[in-house]
Amino acid sequence: NLNLKLMKWRLEPELDLEKLQSQRALILGAGTLGCNIARLLLGYGVRNLTFVDCSRVNYSNLARQSLFTSDCFNDHGEGLPKAVAAAKAVLKIAPHANVKSVEMRIPMPGHYAAENQMDAIFSDLKHLEELMTSHDVIFNVFDSREARYFPTTIGSLLNKNVISVGIGYESFIIVQHGFFGP
C-alpha cells in the first residue's frame, strides 16, 4: 500500500485507492499475458481476481509466464491447471487477495462441435456470461482471435469494460470494448 499511497500523493491525487482495491477483475487466459496482468493489477491495489483457462502448465511456460515455477507440477511431471496454478501463485504474493480459478473451455467460432457437445457449449457460454456479469473489468487475453470472440461479444452486450490483447510474432493489438465510464 505504501507504493500506492506514494503514487497518489506524487502523481494522481484524485486516485481512489479503495475503489481500486474493490474492483473485480476477470482474467480470461492464464498464460503470459494473464500472469503479467495479474501481477500488475496486484501492484495497483486490485485484490479481487478470477482466472479462467482450460490448459495446464507446461515446462516451456516457466520462462514466459511469470506466476509459474517448478512447484506447478506434481510428482509425475504433470502440470497443474493454469487457472489453479495462477491463483495459488497470486496468493503467495498477496495472501490477503480474493482469488478464484475457473477451469473451462471457451467455445470458438469456426471450430467443429459435434451435436452431442452443444449442451456443454451453451452451458459454458452461460457460465462465461455469469462470470462477466459479476466482474467490473475483463481482460480478454486468450491465445487466438477465435477464443477472444465470444468474450468480446458478450462483454459488448453487457456493456462491460473488456480489454482484449493479442500478441503475434511481428504484431500486437490492444482494444478496449464496452463501458468507458468512471
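This is a predicted model: local features need pLDDT of at least 70, side-chain atom pairs count only at pLDDT 80 or more; totals for chains, interfaces and linings use all residues.
Let me start with the overall layout. The chain contains six helices and six strands, where helices (H or I, at least four residues) and strands (E, at least two) are DSSP runs numbered from the N terminus. Along the sequence they follow the pattern α-α-β-α-β-α-β-α-β-α-β-β. For a chain of 182 residues a compact globule would have a radius of gyration near 16 Å, and the value here, 17 Å, agrees with that; the radius is taken over C-alpha atoms, and the globule rule is 2.2 Å times the number of residues to the power 0.38. The C-alpha trace spans about 55 × 45 × 35 Å along its principal axes.

Now to the sheet. It is an open, mixed sheet of six strands in the order β3-β2-β1-β4-β5-β6, with two strands counted as paired if DSSP finds at least two bridges between them. Because β3 (98–103) and β6 (172–177) each have a single partner strand, they stand at the edges, and one side of each is left without a neighbour in the sheet. On average, neighbouring strands are turned by 15° against each other, direction ignored.

Strand β2 (residues 48–53) pairs with β3 in the parallel sense over six bridges, and Thr50 stands opposite Lys100 in β3. Likewise, β4 and β5 pair in the parallel sense over four bridges, with Ile163 in β5 as the bridge partner of Phe139. Strand β5 is mostly covered, since six of its seven residues are buried, buried meaning under 20% relative accessible area, exposed over 50%, and partly exposed in between (1.4 Å probe, protein chains only).

As for the helices, α5 (residues 118–133) lies across β1 (24–28), β2, β3, β4 (137–140) and β5 (161–167), running at about 145° to β1; contact here means heavy atoms within 4.5 Å, and axes are lines fitted to C-alpha atoms, for helices over the stretch in contact, with angles from 0 to 180 degrees between N-to-C directions.

What about the interior? The largest nonpolar core has 30 residues, of which Ile27, Leu41, Leu49, Phe51, Leu67, Phe68 and Val90 touch the most other members; such a core is a set of buried Ala, Val, Leu, Ile, Met, Phe, Trp, Tyr and Cys residues joined through side-chain atoms within 4.5 Å. Helix α4 gives the most to this core, with six residues. Apart from it lies another core, of 16 residues, among them Val102, Met104, Ile121 and Val162.

Finally, back to Gly43, which counts as partly exposed because its relative accessibility is 47%. Although Gly43 and Asn3 are 40 residues apart in sequence, their C-alpha atoms are 8.3 Å apart in space.

How values were computed:
Residues are numbered from 1 along each chain as its sequence is written. Side-chain values use heavy atoms; hydrogens and water are left out.
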